[in-house]
Amino acid sequence: MTSFLLALLALAPASASTLDWRADQSFSAAMTAARAQSLKAVRTSSLVQSTEERETLLDLLRDSNPDVRRSAAKALKVYVSDYRVRDRLLDLLRDSSQPSPVQREAIKSLSLASTYYEVYDRLLDLARGAAKDKDLQALSYKALYWQASQRSDVRERVLDAALRDSDRELRRAALWALFAAASDSRVRDGLLDTARRSSDSGLR
């Protein structure tokens, strides 16, 4: 903004009566250039701030306080396009010593990056039993919502759980993950069959 104002002062006409500044093309060009320079500076500043914030959050994933790690994992969802962020969040899911609330936020953040093989593959593993508790298993199924509609291999495994898992809550989570995949005839038939036959109102 400072450079923009300086450009205005330097190029302003000495007398408004002798020069119509609105018609002065050189003045207009200078204004445009100064504005572009100011916007570029703002973008650069924002990028630096974002980079610094991301690095700070990555450092906080190592904090001794699990509440801090949980909050950092949640905040990192806006940076999951960065492979380093994905790797660090996946590390949290591989570490069985991490408390469930920390892993929960890691799963929720990674759900936004489920298009990446290493992410949806890990989510599938967690959903199918690698998670430390049932709540994390169910959340992992739900985190596969978009991939269940986009990828047949993911869809088949989620559908299998939705139709055959012995645990009611996990079946419900898998059914939820299939809503966007209902255009697939096998999924549609499976959902309809469950609705017709299940005596459990929670599954219907």
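Guide: Let's begin with handedness: a crossing is left-handed if the near helix is turned anticlockwise from the far one by less than a right angle, and right-handed if clockwise. In this predicted model, the crossing of helix 4 and helix 6 comes out left-handed.

Visitor: Why are helix 4 and helix 6 called roughly parallel?

Guide: Helix 4 covers residues 83-94, helix 6 covers residues 117-130, and they pack at an angle of about 15°. Angles under 35 degrees count as roughly parallel, so helix 4 and helix 6 get that name. Their axes are 11 Å apart.

Visitor: Which residues make the contact between helix 4 and helix 6?

Guide: From helix 4 you have Arg86, Leu90, Leu93 and Arg94. Helix 6 brings Glu118, Val119, Arg122 and Leu126.

Visitor: Let's move to Ser81. Why is Ser81 called exposed?

Guide: The cut-off for exposed is over 50% relative accessible area. Ser81 has 61%, so it qualifies as exposed. You'll find Ser81 in the loop between helix 3 (66-75) and helix 4.

Visitor: What is Ser81 in contact with, leaving aside its neighbours within four places in sequence?

Guide: Arg86 and Tyr116. Contact here means heavy atoms within 4.5 Å. Arg86 also belongs to the contact of helix 4 with helix 6. As for Leu112, it is 31 residues from Ser81 in sequence, yet their C-alpha atoms are 8.8 Å apart in space.

Visitor: How much of the protein counts as buried?

Guide: Of its 204 residues, 36% are buried, the cut-off being under 20% relative accessible area. Among contacts with a separation of 6 or more, 56% are between residues 24 or more positions apart.

Visitor: What pLDDT does the protein average?

Guide: The average is 81, and 72% of the residues score at least 70. Residues 1-19 have a pLDDT below 50, though beyond near neighbours in sequence that stretch has 17 contacts in the model. Residues 42-48 are also below 50, with zero such contacts.

Methods. Residues numbered from 1 in each chain as written. Predicted model: local features only at pLDDT ≥ 70, side-chain atom pairs only at ≥ 80, totals over all residues. Heavy atoms only, no water. pLDDT = per-residue confidence, 0-100. Axes fitted to C-alpha atoms, helices over the stretch in contact; angles between N-to-C directions. Helix = DSSP H or I, 4+ residues; strand = E, 2+ residues; numbered from the N terminus. Parallel < 35°, antiparallel > 145°, perpendicular 65-115°, else oblique. Buried < 20%, exposed > 50% of the residue type's maximum accessible area, 1.4 Å probe, protein only.
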